[in-house]
Protein chains: 2
Amino acid sequence: MDMPKIVDHKKQREKLAEATWRVIRRDGLERASVRNIAAEAGLSVGSMRHYFSTHSELLAFSMKLVSNKVNAQFQSFVSTGNLQEDILQLLYELLPLDKERSAEMEVWIAFTAKALVDPALQSLSLQVSNEMRAGISWMIDSLIQYEPGCSHLDAKIETERLLALIDGLALHAIMQPDHVTPELIRSIVIHHLQSLLKH
Amino acid sequence: MDMPKIVDHKKQREKLAEATWRVIRRDGLERASVRNIAAEAGLSVGSMRHYFSTHSELLAFSMKLVSNKVNAQFQSFVSTGNLQEDILQLLYELLPLDKERSAEMEVWIAFTAKALVDPALQSLSLQVSNEMRAGISWMIDSLIQYEPGCSHLDAKIETERLLALIDGLALHAIMQPDHVTPELIRSIVIHHLQSLLKH
């Protein structure tokens with residue numbers, strides 16, 4: 001009789017995380033109270049304590065799910081055998097080029113703003129930033145090692161420049177979707193990569 | 001007897017905007033309720049209606065003050081007579097390279113996240129983004145026109161690339177001040193500008 005309960009517990013937590021996403025996307029993070037999330041998930045406020053002991057823990061869990069999704073996309077990546085093409089495809093994974101990725105980014109921006117003042121979210125936000133940095137750093141290091149035209153690149157400066165470019169583009173795509181379109185984003189990322197190769 | 005009242009009204013609105021900033025920076029935007037802002041400013045909740053008819057109007061006014069400050073910094077800019085140096089100095093004005101600018105950016109990030117779900121803030125957020133874009137666009141156009149090495153740059157792609165880089169760097173400087181330091185930001189901006197000149 002224990003197994004189903006454990007499965008239910010995990011499923012219920014994920015269900016609550018998804019309800020949290022819906023509330024944040026529709027009404028903003030400041031409306032994502034325990035009460036509103038419970039209502040969205042069709043649960044009583046009292047039963048919430050069974051799944052999450054604090055509000056921050058619920059938000060952190062929802063944030064972690066976004067991060068897990070992005071990591072899963074990276075893990076399942078199949079190399080094309082061409083380094084430049086691989087880098088391009090991996091960078092596209094980090095950008096809101098489709099509806100699902102845009103939804104993740106919207107929730108992420110709300111979390112990021114809240115992480116500035118909530119220590120419980122800060123460490124997770126930093127952890128994800130560092131995962132992003134490690135991924136971008138791997139791309140730059142690979143270019144320096146394998147592309148003859150890239151041997152003189154400054155690894156630290158190019159890593160931080162590309163990281164800032166990607167997050168800036170993601171932010172603008174969410175805030176101004178009519179102006180910063182997927183087509184424009186792809187052109188900018190390709191141009192940036194080419195400018196590194198011509199260094 | 002009317003003049004002092006008008007002056008007081010303007011001053012009181014600015015005082016409330018500053019109280020709003022302090023609450024947002026200390027506790028996050030979701031704590032910036034009318035009640036908490038009134039308490040911070042030392043006013044009664046009832047008297048708030050005299051200065052702002054809605055919560056969104058108060059937030060929009062506070063956001064507008066950040067935008068006005070940045071514009072004032074641009075307006076008072078004195079050209080060095082050297083285009084590259086002018087562009088560099090103007091870009092530095094848009095980045096959180098000192099404490100005051102960092103505080104403005106923190107409030108700005110919180111507003112930006114809220115603007116995603118609050119139509120009253122959205123139009124102002126878009127207006128400021130477009131002012132930023134116009135400034136960066138002027139820089140790129142000037143480079144194309146006056147710097148021989150830049151004549152082949154794609155104005156639209158380079159404008160959006162620089163705009164995304166600046167906002168990405170600002171975001172990272174706020175989120176990870178120990179990692180993305182003012183020195184690193186200056187190096188990246190100088191390197192980006194040089195890479196445009198060498199195009």
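In the predicted model, A:T159 lies in helix α8 of chain A, which spans residues 155-175; helices here are DSSP runs of H or I of at least four residues and strands are runs of E of at least two, numbered from the N terminus. A:T159 is buried, with a relative accessible area of 6%, where buried means under 20% relative accessible area, exposed means over 50% and partly exposed lies in between, for a 1.4 Å probe and protein chains only. When neighbours within four places in sequence are left aside, A:T159 is in contact with A:R133, A:I136, A:S137 and A:I140, contact being defined as heavy atoms within 4.5 Å.

A:E160 is likewise placed in helix α8 of chain A, and at 3% relative accessibility A:E160 counts as buried. With neighbours within four places in sequence set aside, the contacts of A:E160 comprise A:R133 from chain A, together with B:L169, B:H179, B:V180, B:L184 and B:I188 from chain B. Within chain A, by contrast, the C-alpha atoms of A:E160 and A:I188 are 16 Å apart, at a separation of 28 residues in sequence.

A:S125 belongs to helix α7 of chain A, residues 119-146, and is buried, its relative accessible area being 4%. The residues touched by A:S125, not counting those up to four places away in sequence, are A:M63, A:A115 and B:M175. A distance of 8.1 Å separates the C-alpha atoms of A:S125 and A:F111, which are 14 residues apart along the chain.

Across it, 45 residues of chain B are in contact with 45 residues of chain A. The size of an interface is often given as the accessible area lost when the parts come together. Here the area buried between chain B and chain A is about 3,600 Å², of which carbon and sulfur atoms give 69%; this buried area is the accessible area, for a 1.4 Å probe, that the two parts lose on being put together, summed over both. In chain B, the residues that lose the most area to chain A are B:L116, B:R161 and B:M175, which together account for 16% of what that side buries.

Chain B is superposed on chain A by a rotation of 180° with 0.0 Å of shift along its axis, at an RMSD of 0.0 Å, which is the relation of a two-fold axis. The superposition was by least squares on the C-alpha atoms of residues with pLDDT of at least 70 in both copies. Of the interface residues of chain B, 100% are also interface residues in chain A, so the copies meet through the same surface.

Chain A contains nine helices and zero strands, and its C-alpha atoms fill a box of roughly 60 × 40 × 30 Å along the principal axes. Buried residues make up 50% of the 199 residues in chain A. Among contacts in chain A between residues at least 6 apart in sequence, 65% join residues at least 24 apart.

Residues are numbered from 1 along each chain as its sequence is written, and chains are lettered from A and ligands numbered from 1 in the order in which they are written. As the model is a predicted one, local features need pLDDT of at least 70 and side-chain atom pairs count only at pLDDT 80 or more, whereas totals for chains, interfaces and linings use all residues, and side-chain values use heavy atoms, with hydrogens and water left out.
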